[in-house]
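Could you look this one over with me? My notes are below, as numbered points.

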Amino acid sequence: MKKIMTEALKLPIIDLSSPDRPSTAKSIRQACIDYGFFYLVNHGVEEELLSQMLSESRKFFSLPVEDKMKLARKDHRGYTAMYAENLDPTSSSEGDSKESFYIGPLGGTLGNLNQWPSEIPEILPSWRSTMEYYYEKIISAGRRLLHLIALALNLDEDFFEKVGALDEPMAFLRLLHYPGELASSDEEVYGASAHSDYGMITLLATDGVPGLQVCREKFKQPRLWEDVPNIKGAFIVNIGDMMERWTNCLFRSTLHRVMPAGQERYSAAFFLDPNSECVVECLKSCCSESCPPRFAPIRSGDYLKERFRLTYGS
């Protein structure tokens, strides 16, 4: 298959700790309109914790398949095996060459649905505590970022709290492993085939191995793919379909994929999505007579359920 050369993309860098909030909000607005992606630095998650989380993730994925399958995905928590998911059903791929592990909300009844590999304490003694600590730190960063995104949309900074989005949000941490060695195939092989994220915002941490690419114009053919380089210690943040819907397509939910890099790659995507009862409807600051709402209001939970059904067929 003919390889199309890709360019490296220079995404905006957003400083979450900047005291100049109006200026930061303005930069976020421009980044979300132009790219739907940006880097987030000074987010409060220490580099040491990031590397510890990725190290614990590596330990889990190095377990025998039969041990990992004991925690097979249910209620959208737990282990998903290689090739079990195809994010782009229009591609001829047999499935994406990655395996993953989902951790959902930690508290209350939702927290009881999580599965933990703690039955193997001698192999993973600090696995759960590391993941829980990382989850708490990154959700805090995500909430602070949403305050700035609200300002970027000319809303009160506590807008997402007011509409109930952050009242027990549906926040999921997804650990990902892309193998280095792949069986030869006549088809194009994807680590993650082309897709846009379903929800509100995603904060991605990677181990620095390349592979992530974005396509800014999702309706144009042929698609032009651009590499997203890693910046050590920074999160790569992107806007999801639900936020695109909320903003009447002002903010773009950008198509992206992961291509095999010829070496193992570990990453962790944190999906910060609204409480399932939250109604997503066009923001008043994003519509007008000349630009009426493009989407009907919908409950966040109903929207996500349908998107997952299409991905997993259940």
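**Notes on strands, a helix and a buried Phe**

1. β4 (residues 78-80) and β5 are antiparallel partners, joined over three bridges. Strands count as paired if DSSP finds at least two bridges between them. G78 has Y102 of β5 as its bridge partner. Before going on: this is a predicted model, where local features need pLDDT of at least 70, side-chain atom pairs count only at pLDDT 80 or more, and totals for chains, interfaces and linings use all residues. Residues are numbered from 1 along each chain as its sequence is written, and side-chain values use heavy atoms, leaving out hydrogens and water.

2. β5 also pairs with β6 (residues 170-178), again antiparallel, over five bridges. Here F101 is bridged to L175 of β6. Helices (H or I, at least four residues) and strands (E, at least two) are DSSP runs, numbered from the N terminus.

3. How many of the five residues of β5 are buried? Five of five, across residues 99-103; buried is under 20% relative accessible area, exposed over 50%, partly exposed in between (1.4 Å probe, protein chains only). E99, F101 and I103 point one way, S100 and Y102 the other. Side chains in a regular strand alternate between the two faces of the sheet.

4. Helix α5 (residues 127-152) has 26 residues, so at 1.5 Å a residue it should span 38 Å; the end C-alpha atoms are 37 Å apart, which agrees. The expected span is 1.5 Å times one less than the number of residues. Just after α5, N154 has a positive phi of about 60°.

5. F251 sits in the loop between α7 (241-246) and β12 (255-258). Its relative accessibility is 0%, so F251 counts as buried. Beyond neighbours within four places in sequence, its contacts (heavy atoms within 4.5 Å) include I149, A152 and M243.
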